[in-house]
Amino acid sequence: MPHPAFELLQSQTIPALHVTAHTYRHRVTGAQHLHLEAADPHNAFLVAFLTVPEDDTGVAHILEHTALCGSERYPVRDPFFMMLRRSLQTFMNAITSSDWTAYPFASQCRKDYFNLLDVYLDAAFFPRLDALDFAQEGWRVEWAEAGNPESELLFKGVVFNEMKGAMSAPPRVLWQALSAKMFPETTYRHNSGGDPEAIPNLTWEGLKSFHARHYHPSNAVFMTYGDLPVEALQERFERQALHRFQAIPIDWKVPDETRLTAPVTTTGRYAIAPNESPEEKTHIVLGWLWGSSVELKTLLLGHLLEGVLMDNSSSPLLLALETTELGGAPSPIGGLDDSMKEMLFVCGVEGSEPERAEAVEELVMGVIRRVAEEGVEPERVEAVLHQLELAQREVGGDGYPYGLKLMMNALPAALHGGDPASLLALDPVLDELRREIADPDMIKGLARRWLLDNPHRVRLVLTPDAHLPQEQQAREKAQLAQLRAALSQAEKERVATLAEALAQRQTAEDDPEILPKVGREDIPAELAIPVGGERALGATPCHWFDQPTNGLVYQQAVLDLPELDDAERELLPLFSACLTEVGCGGRDYLATQAWQSAVTGGVHARATVRGSVEALQGARGVFVVSGKALARNHAPLTQLLRETLFTARFDETNRLRELITQMRAASESRVTDHGHSLVLSAASAGLTPAAALSDRWGGLSAIQRLKSLDAALGDPAALAQLAERMEGLRQKLAVAPRRLVVVGEERFFAEWEKALADQWDGQAPAARLDQPPMGFAPLGEGRPTRQGWSAASNVQFCAKVYPAVPYLHPDAPRLTVLGQLLKNGYLHRAIREQGGAYGSGAGYDGDSGSFRFFSYRDPRLSETLDDFSASLAWLQAGGQEERQLEEAVLGVISAIDRPASPAGEAKRAFHDRLHGRTPERRRAYRQQVLSVTLDELRQVAARLLLEERANIAVLGPAAALDQHPELGLERYAL
């Protein structure tokens, strides 16, 4: 029963999701509440608001940050990050989208859930919005020399630096430039995250006004998922927040965009490094505005048309974009975006030249014209519906709690006047579409109405510009000079006063006991780990996991990596990426891609290497071919996996050429979003064989080599040689020792076992499977490395890595807790709050046997490296409290216990055991975490984290690296 303050509007059982969706309305304010009732103790919550920016100042984004900096009931400086330390949360965040802001969390502990609920409700509805928090999180100016008004004036602020980093990424620039023209009248033309050049136009008063207008229950949507009683949830909403409000009129709904009467062409620029060639680096994209994203059938029709055109490499539009000589690869922003009120469809190419824009547009329109006139094969349309059904049934949760995923899917409808529950109940509409696709004119009509005859089309040509970084820097300096010139003497003094007040606030100690908490007594006694059974299929071991996968099957073929030479080892990641993208079983890649889409949810291959749990210089490598499917398609999935491994066609050299170019483009695009991972990998590479190989496979040097390979493959002889090497590698892997892993529901096992036996039993002679595994030569401890990588970025990424111990060493759990303690007690304040970086952290990595520091989207460089060292001095100076240790332990346990999807949990259990991390060892490690003491942390840091053994890697603009010759960096350029 609902709480009396709420009225039930409707209830709907959704069998495919095993939930019942209840929609409620708060009687006084009109606040919406969608409760997804499920027999699942992993409860989730969010409160969201329709936030409609009217400029590029990033007001919604900065408000999202500032609202979490203290509230009426919890007047501490940083309740969000403090609660991360006092919680067993499985997810905590705040998210700003183009037209909404949401505050989600999830937890498996009821006490913890209601603690977080109290803090989130107070933060959303009653934040303090202190001027100093606005200055820290949003933007401010400071003198380069503290207190000296004669020194240089600088912009600072967490969001300011975050967005400088974000807008360094070409895909983000491309998306923003396209949106501005696609939505000339509605809020989507604005950069909701904030344009760094516009952020300084936002005032503190403007921030508070935006909150008062938008963060009101009449504009709010509450969503909950799990097994908690709805009345208890609503009672807390009412008591903690809603009873203090009355309804207000909401007059800022997002209207439909006024349709263009004719297509538009536009241009833009993005930054590349000063020494980088602009040749073949232009992006050319076309965008169309489609229909409503909050009406289910229209939404599914959009996904159906997009899938028919671009689901896989055999789809007509994606095929044209992958194979054309007009560009290097399909656009990184291609596809359907349904996160806004109206859907946006985008396609195009990257790696092109501006003068090819007309030809690219004609290529795209030619494909669409052909589909509108001739249609497509019925099997292609059925395959797309199959993909929609599979996505609907899959129980996710790997990296994002399943309940939150469902809530986020329903959120756009709730905010834009639709029915959020109906957006989750796909089956009836999928059944309707299955009947309608029998009409061969259906897809033809969609292609004509939504694309060919749709005048709301924009063509954007985004060109690289090596001078743009200097222009941006000059504009920032001019902006600062203008601000400086307008400052009176009193205002100059106020700049220094603000900086001093903020510094005092950042170093002040709040009373953490103001906030609720869980303690060691709330930690579950045991770590739940799925247990599989083993039944051999002839000579092939097969591991079976009975998990609630909702009618899906997951299969893996796991091969021990055989002994390979250096060239073959280096080729493995490219081989893995190509293996499932070429033809197999006598089919070409187009037929194979179509078959994959028709019967599976995807087939993938990867090579992984993990460090030994006992010895730093030991490692084990495996090669995995995996896939998933609906239970009814288990047999074709099994056949497809086997044929992929044994009959992949590397004679399709044109296909290989396309794939390498696509990989090169994707690797370049991810640098500014994953810079911290890349510098951590670089700094770890000299420590262990596993770390060295991982860096060569996916690090900064791998991007360099991939660029060189892509350039070399213009020579047909080089391409033929690559194909020959890949086929040779496939032959070695085909006779490597292997085992199978099957995850699903036990009721299907007998049926699946027969299909598996038919495909795998006797596939290779047992004698051929007795070859030695890949060996790893010890690296030895050489001189620590100091690397400086230059790239087209407006911010830095810093890493400092110390050699440590293997997983089973008693110091490993101590180092794991130490990372949390240093992050909570020192790094967050020094690097984020005071330094202005978007993020930082520290922790133990078992695969490289190292202890690692990092920063993310950081305006500083040497100062951050100094802060890493200063955190260790802070530790040795003492004064840390038992409370801080408990918070660090809670953070580690929360990460260890965080559940994945049912299939993900089973796969992790298998691979952990394979690499020596048995359930017994994982549970023992967890128990050791619980028993760590502060003295042990100081002792292990003093013993292992020695400055002379530290390895450093930084990534940033060349000009920033040039300013620090004292670091002695060995320089590299991407």
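The legends below describe close-up views of the cavities in a predicted model.

Residues are numbered from 1 along each chain as its sequence is written, and side-chain values use heavy atoms, without hydrogens or water. In this predicted model, local features need pLDDT of at least 70 and side-chain atom pairs count only at pLDDT 80 or more, while totals for chains, interfaces and linings use all residues.

**View 1. Cavities in the whole structure.** A search of the whole structure finds two cavities of 30 Å³ or more. A cavity is a set of points, on a 1 Å grid over the protein atoms alone, where a 1.4 Å probe fits but cannot get out; lining residues have an atom within 4 Å of a point. Grid points are joined across faces, edges and corners, and a volume is the space filled by probe spheres set on the points.

**View 2. The largest cavity, of about 430 Å³**. Its lining has 24 residues, and the closest to its centre are Pro170, Tyr270, Glu276, Glu668 and Ser669. Two or more lining residues come from each of β11 (264-271), β15 (342-352), α21 (653-669) and α24 (700-712). Helices (H or I, at least four residues) and strands (E, at least two) are DSSP runs, numbered from the N terminus. The largest share, four residues, belongs to α21.

**View 3. The second largest cavity, of about 30 Å³**. Thr23, Gln32, His33, Leu34, Val221, Ala414 and Pro420 form the lining of the second largest cavity. Strand β3 (residues 32-37) gives the most to this lining, with three residues.

Terms used. On a 1 Å grid over the protein atoms alone, a cavity is a set of points where a 1.4 Å probe fits but cannot get out, and a pocket is an open set with protein on both sides within 12 Å along at least five of seven lines; lining residues have an atom within 4 Å of a point.
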